[in-house]
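Hi,

Here is the structure I said I would pass on. Have a look at it first, then read my notes below.

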Amino acid sequence: MTHTTAAPDGFLWGASTAGHQIEGGNTNSGHWLLEHAPDTHVEEPSGDACDSYHRYGEDIGLLAGAGLNAYRFSLEWARIEPAKGEVSRAQLDHYRRMIDTCRDAGVEPVVTLHHFTVPAWQYQEGGWYAPDVVDRFRFFTETAARILDDVSWVVTINEPNMMVNQAEAKIDTEWGVNFPGPSPHAAQVIAAAHHASTGVLRGLGHVRSGWTVANQVYQAVPGYERERDDWGYWREDYFLEQSREDDFVGVQSYLRTIIGPDGPVPFPDDVERTLTGWEYYPEALGHALRHTRDVTGGVPMLVTENGMATSDDARRIDYTTGALSGLADAVDDGCDVRGYLHWSLLDNYEWGSFRPTFGLIGVDRETFARAPRPSLGWLGDLARRNVLPRTAARPEADAVFAATVAAPAATPEPDPTRK
Ligand code: BGC
């Protein structure tokens with residue numbers, strides 16, 4: 001049985017997207033080069049994506065019309081700085097119009113500066129290995145700052161820990177050197193870029209800045225707590241520690257990972273999975289919030305991504321109900337949570353394929369027509385009433401843990417860090 005309780009005052013309710021995943025035609029980015037490389041591992045290119053570069057007004061209108069009050073989107077560095085040191089005022093104006101469209105619709109813009117993609121020139125110079133990458137990102141932040149006059153929430157870098165984790169999947173050779181790792185060196189360079197960026201943003205006076213961290217909700221097979229902590233340090237906690245002086249930290253949560261003596265333990269074959277192959281585990285968000293609070297020491301949190309890829313919108317609502325219920329419990333437990341931004345507003349390009357559908361809004365792949373799903377209206381209704389749903393605990397979640405620990409499946413888990 002679901003009932004509701006009040007959300008914190010001023011809570012942000014919204015949805016998130018990322019430029020490369022929805023805009024279309026991001027031809028000057030490193031990812032576009034990768035998608036079109038002769039020996040690419042990428043299943044299909046991003047192409048026109050959702051054509052949101054032209055249709056952002058409709059997207060923001062649907063979000064606001066449903067009752068949501070915040071929209072997270074990212075700026076494409078590749079468009080704004082098409083060649084090293086060369087700034088496109090027209091592209092800055094484009095993103096400024098997006099901010100204005102949000103403001104006109106009564107929507108709080110949450111602007112991400114870097115969401116996995118870099119300009120082609122930066123990619124060719126080595127991505128996070130380029131010797132001057134920290135200075136380049138500082139310059140990009142200064143450039144972007146020209147249009148951030150009245151923006152209150154800025155994410156510097158999305159999921160730095162995913163970018164470092166990527167190489168662990170042994171795809172560093174496929175991704176060129178853009179996603180190297182899992183090296184502390186790469187982590188430290190990305191952290192330096194983040195600190196350089198927050199330094200610029202702090203100077204503006206009115207911006208709250210932070211980065212977003214993918215929370216894997218590492219749970220230990222009993223007796224392997226130390227292995228769990230070691231496994232998680234360079235994959236997650238280091239990045240949370242870097243947030244301690246920030247104005248907020250973005251919490252991004254989808255799943256859990258059970259760690260045994262040799263790393264992740266596969267779930268039983270009959271576990272319910274989403275279209276990305278991840279365990280259906282809405283409880284993840286509550287755990288992610290508590291863990292983030294504990295490691296950062298209480299920096300304000302904004303849920304910047306949470307959701308599930310499914311073709312069954314009723315299941316999306318179930319998942320989100322469970323996640324929000326966990327969020328409400330975490331708030332009762334003293335967590336300072338400022339908002340919830342669902343991933344994603346639209347069915348989008350999932351870094352290689354359009355198959356995993358995360359959207360509150362479906363998008364026709366031929367016509368780009370938008371089809372709002374019931375989950376959009378459902379989330380908007382909670383937003384209008386500023387209430388959080390509360391559900392009973394799911395015994396299935398504990399049963400899956402017990403079964404996984406007792407008899408892990410032989411098939412390895414799909415790698416959630418592979419985008
Ligand atoms: C990323 C998104 C991605 C989502 C679902 C997050 O790690 O920030 O870009 O689409 O997960 O896979």
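What follows is a walk through what turned up, starting with the ligand and moving out to the helices and loops. One thing to keep in mind throughout: this is a predicted model.

**The ligand and its surroundings**

The ligand has 14 residues around it, and the closest are Gln21, His115, Glu159, Glu305 and Glu350. Sorted by class, that shell holds 6 nonpolar, 4 polar and 4 charged residues.

In Glu159, a side-chain N or O atom is 2.5 Å from an oxygen atom of the ligand. For Glu305, the distance from a polar side-chain atom to a ligand oxygen is 2.8 Å. Trp343 also has a polar side-chain atom by a ligand oxygen, at 3.4 Å. How much of the ligand does the protein bury? On its own the ligand would expose 310 Å², and the protein buries 99% of that.

Glu159 sits in the loop between S5 and helix H8 (160-165), and its phi is near 45°, a positive value in a residue other than glycine. With a relative accessible area of 4%, Glu159 is buried, since the cut-off for buried is under 20%. Trp343, for its part, is joined to Ser344 by a cis peptide bond, with omega about 10°. Ser344 belongs to the loop between strand S12 (337-343) and strand S13 (361-363).

**Another positive phi**

Val217 is not a glycine either, yet it has a positive phi of about 45°. You'll find Val217 in the loop between strand S6 (208-215) and strand S7 (218-220). Is Val217 buried or exposed? Its relative accessibility is 8%, so it counts as buried.

**Helix H7 and Thr141**

H7 has 13 residues, and its first and last C-alpha atoms are 18 Å apart, close to the 18 Å expected at 1.5 Å a residue. Its buried residues are Val133, Val134, Arg136, Phe137, Phe140, Thr141, Thr143, Ala144 and Ala145. What covers them? The cover includes helices H4 (77-80), H5 (89-104), H6 (120-124) and H9 (184-204), along with strands S4 (108-114) and S5 (153-158).

An α-helix has 3.6 residues a turn, so residues three or four places apart point the same way.

Thr141 counts as buried because its relative accessibility is 0%, against a cut-off of under 20%. A polar atom of the Thr141 side chain lies 2.8 Å from the backbone oxygen of Phe137. Setting aside residues up to four places away in sequence, Thr141 touches Leu113, Ser197, Val200 and Leu201.

**Helix H12**

At the start of H12, a side-chain oxygen of Asp312 comes within 3.1 Å of the backbone nitrogen of Ala314. Just after the helix, Gly334 takes a positive phi of about 100°.

Last, a pair of cases where sequence and space tell separate stories. Ala383 is placed in helix H13 (residues 374-385), and at 8% relative accessibility it counts as buried. Ala383 and Gly14 are 369 residues apart in sequence, while their C-alpha atoms are 8.2 Å apart in space. Leaving out neighbours within four places in sequence, Ala383 is in contact with Trp13, Gly67 and Leu68.

His41 lies in the loop between helix H2 (30-35) and helix H3 (52-66). A relative accessibility of 27% makes His41 partly exposed. His41 and Ala90 are 49 residues apart along the chain, and 34 Å separates their C-alpha atoms.

Cheers

Definitions and conventions: Residues numbered from 1 in each chain as written. Predicted model: local features only at pLDDT ≥ 70, side-chain atom pairs only at ≥ 80, totals over all residues. Heavy atoms only, no water. Near = heavy atom within 4 Å. Polar contact = N/O pair within 3.5 Å; in protein donor to acceptor, adjacent residues only side chain to side chain. Areas by Shrake-Rupley, 256 points an atom, 1.4 Å probe, with all protein chains shown as cover. Nonpolar A, V, L, I, M, F, W, Y, C, P; charged D, E, K, R; others polar. Buried < 20%, exposed > 50% of the residue type's maximum accessible area, 1.4 Å probe, protein only. Contact = heavy atoms within 4.5 Å. Helix = DSSP H or I, 4+ residues; strand = E, 2+ residues; numbered from the N terminus. Expected span 1.5 Å × (residues − 1).
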